[in-house]
Amino acid sequence: MDLFSLTAEENIKKKAPLAERMRPNTLEDFVGQEHIIGKGKLLYRAIVADRLGSIIFYGPPGTGKTTLAKIIANKTENYFEKLNAVTSGVKDIREVIKKAKERLGMYNKRTILFIDEIHRFNKSQQDALLPYVENGTIILIGATTENPYFEVNKALISRSMIFRLKSLSKDDVKKIIIRALQDREKGLGMFEVNIDDETIEFFANISNGDARIALNGLELAVLTTEPDEKGKINITLDIAQESVQKRAIKYEKNGSEHYDTVSAFIKSMRGSDPDATLYWMAKMIYAGEDPKFIARRIIICASEDVGNADPNALNIAVSAYHALDFIGMPEGRIPLAQAAVYVACAPKSNASYKGINKALEYVEKFKTGKVPPHLMDFTKKKLKKELGKENTDNSTYLYPHNYPNSYVKQQYLPDNMVNAKFYNPTNNGYEKRLKLRLKKLKHND
C-alpha cells in the first residue's frame, strides 16, 4: 500500500460513523457473545492460538460478525483478504485465489478470506471457492444474517465450523454506549456530554440488540445538539427520540409499568380479548422487552388458562417460542402474535392447574400414602419375594390394554385417600369430551 492510499484510509477511519470507529480491535474489548468467545471457549482458543479453520458467523445485524473477522485479521499471522458478496463476483474470487496460491508457494503463508453477506453469493460463486477451501489454499470466514444451513452450499457448510451470534443484551448495548461516550480517541469523549441513565436506557432499548442502531442514534444526537453556555451537550430523552425517530414509552424493566403491562397482557389472553392481547404485546415489543420473556408468558397461559379445553394451544405456544429462537426479531413478532391470539381465542379451563395445586396442598398437609401393592415396581416385588421379604398381599396389577376400551377398574390411590379428587374437568371446549369419557367409564364400573 502506497503513502497516498495509507493516508486516505486513515482519513476514512477518522470520518467514519461512530459505530465503525468503535469497533474493538481485540477480544478483550469485544462485548457480548460469551457463549462462543468467552475465555476457554473453542473460538476464543482458536483465535488466540491462531489455529483457525474455515468458519461461518451468522446472526442478526449489529452483533459483531464483521468485528470478529477484523479481530481475527489483527491477531493472525496469515494474510487477510476481504470481499463483499454484494459487490464481488467470480472474477474477484479467482483473483484472490491466484494471490493466495502465490503467497502459499513463495512465503508458505496462507490467506484468510473474509466474505461479508456470503449468502448473497450464488451457487456458482460458492462452488468457485470450494476446491480452495478444501485443499487449504484459503481459510474462509463467512458472515451472514441468514441461516447458512439454508443459504450456503452444503459442501462449504461441511468444511466449516458454524458459530451463531445472538442479539446483544440490553446491558451489552449500554456498556458499548458508555464506552463510546468515554473514548476520547475514537468515540465521543472529546465532547462534554451530559446524558442520564433513562436516556441511555432508551438508546439501548430501541437498538433491539443491534449496537450499530444505538451508536448511530447517539452520534446524531450529540453532533446535532448545541452546547450550553458552559460548553456541555445535554442529551435529553426528547432529543434521543428525535435522533432515532422513535417515541419513548414509559416501561421500566424492573418497575411497576413493566409488571402492570405484563399483567394486562396475560389477563387479556385469559379474558379472551385478542385485540387487547395484541396491544399489550406491541407495547412490550416496542419498549424493548425480551421477546423470549413474552413467549414464556404465552406458554404459561396456554397451559394454566386454556389447558385441556384446547390442548393444541400449548403446542402452538411452544412452537412460537422455538420459531422465535430460530428466526429472531423483528420477524419473531409474527409467530408470537399468532400464538398469543390463538391462546386468547381458545376456550378456557384451569382445571389441570387447580388440580396440581390441590394435589400439592394435599401432599404438604397430609401423610403421604403408600403405593398399593399391585402398582409397585415389578422388579422390586420379585426381588423381595426371592429374598423372602415379600409380605404384601397377592394382588396383581390389571393391565388396562387387556380390557375393552383399554380400561379396567382398579385402585390407583393409596388406601387412605381412595376417594380423593383433584381434577374436575369443565364443560369448555375439548375438556367437555374428557369429562364425558371419565363419567362414562365410571358409569360402566
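Is Arg 212 buried, partly exposed or exposed, and what is its relative accessible area? Arg 212 is partly exposed, at 36% relative accessible area. The notes below concern a predicted model, and they begin with this residue and its charged partner.

1. **The Arg 212 pair.** Arg 212 forms a salt bridge with Asp 210, and their closest N and O atoms are 4.0 Å apart. The two partners fall into separate accessibility classes: Arg 212 is partly exposed, whereas Asp 210 is buried, with a relative accessible area of 10%. Asp 210 is counted as buried because its value lies under the 20% limit.

2. **A salt bridge between two helices.** Asp 325 and Lys 292 meet through their side chains in a salt bridge of 2.9 Å, N to O. Asp 325 belongs to helix α17 and Lys 292 to helix α16 (residues 291-306), so this pair ties together parts that are 33 residues apart in sequence. Both partners are partly exposed: Asp 325 has a relative accessible area of 29%, and Lys 292 has one of 28%.

3. **A salt bridge within one helix.** Asp 127 pairs with Lys 123, with 3.0 Å between the closest N and O atoms. Both residues lie in helix α7 (residues 123-134), 4 residues apart, which means that about one helical turn separates them. In general, an α-helix has 3.6 residues a turn, so residues three or four places apart point the same way. Asp 127 is partly exposed at 28% relative accessible area, while Lys 123 is exposed at 60%.

4. **Salt bridges overall.** The count for the model comes to 15 salt bridges. A network of salt bridges links Glu 20, Arg 23 and Lys 70. As a general point, side chains of opposite charge can pair when their charged atoms come close.

5. **The largest nonpolar core.** This core has 27 residues, of which Ile 177, Leu 181, Ile 195, Phe 203, Leu 218 and Ile 235 touch the most other members. At least two residues each come from α2 (18-21), α10 (170-182), β6 (193-195), α11 (197-206), α12 (211-223) and β7 (233-235). Helix α12 gives the largest share, 6 residues. Leaving aside residues up to four places away in sequence, Phe 203 touches Ile 177, Ile 195, Ala 214, Gly 217, Leu 218, Ala 221, Ile 235, Ala 240 and Val 244. Another core, of 24 residues, lies apart from the largest one and includes Met 284, Ile 294, Ala 295 and Ala 320. Nonpolar side chains tend to be buried together in soluble globular proteins.

6. Tyr 149, Phe 150, Phe 326 and Ile 327 make a nonpolar surface patch of about 470 Å². Helices α8 (148-151) and α17 each supply at least two of the residues in the patch. Ile 327 is located in helix α17 and is partly exposed, at 42% relative accessible area.

7. **Helix α5 and its cover.** In helix α5 (residues 65-75), the buried residues are Lys 65, Thr 66, Thr 67, Leu 68, Ala 69, Ile 71 and Ile 72. The elements that cover them include the helices α3 (34-37) and α4 (42-49). The strands β1 (55-58), β2 (79-84), β3 (111-116) and β4 (138-144) are also among the covering elements.

8. Helix α18 (residues 333-345) contains 13 residues and reaches 18 Å from its first C-alpha to its last, close to the 18 Å expected. Its buried residues are Pro 335, Leu 336, Ala 339, Ala 340, Val 343 and Ala 344. Pro 330 is placed in the loop between α17 (312-327) and α18. The peptide bond from Met 329 to Pro 330 is cis, with omega near 10°.

9. Most residues other than glycine have a negative phi, and most peptide bonds are trans. Asn 108 has a positive phi of about 55° although it is not a glycine. Asn 108 lies in the loop between α6 (90-107) and β3 and is exposed, at 66% relative accessibility. Ser 406, likewise not a glycine, has a positive phi of about 55°. Ser 406 sits in the loop between α20 (378-386) and α21 (431-443) and counts as partly exposed, with 37% relative accessibility.

Notes. Residues are numbered from 1 along each chain as its sequence is written. This is a predicted model: local features need pLDDT of at least 70, side-chain atom pairs count only at pLDDT 80 or more; totals for chains, interfaces and linings use all residues. Side-chain values use heavy atoms; hydrogens and water are left out. The expected span of a helix is 1.5 Å times one less than its number of residues. Buried means under 20% relative accessible area, exposed over 50%, partly exposed in between (1.4 Å probe, protein chains only). Contact means heavy atoms within 4.5 Å. A nonpolar core is a set of buried Ala, Val, Leu, Ile, Met, Phe, Trp, Tyr and Cys residues joined through side-chain atoms within 4.5 Å. Patches are made of residues with over 30% relative accessible area and no salt bridge: like charges are joined within 9 Å, nonpolar side chains (Val, Leu, Ile, Met, Phe, Trp, Tyr) within 5 Å. Accessible areas come from the Shrake-Rupley method with a 1.4 Å probe; for residues, only the protein chains shown count as cover.
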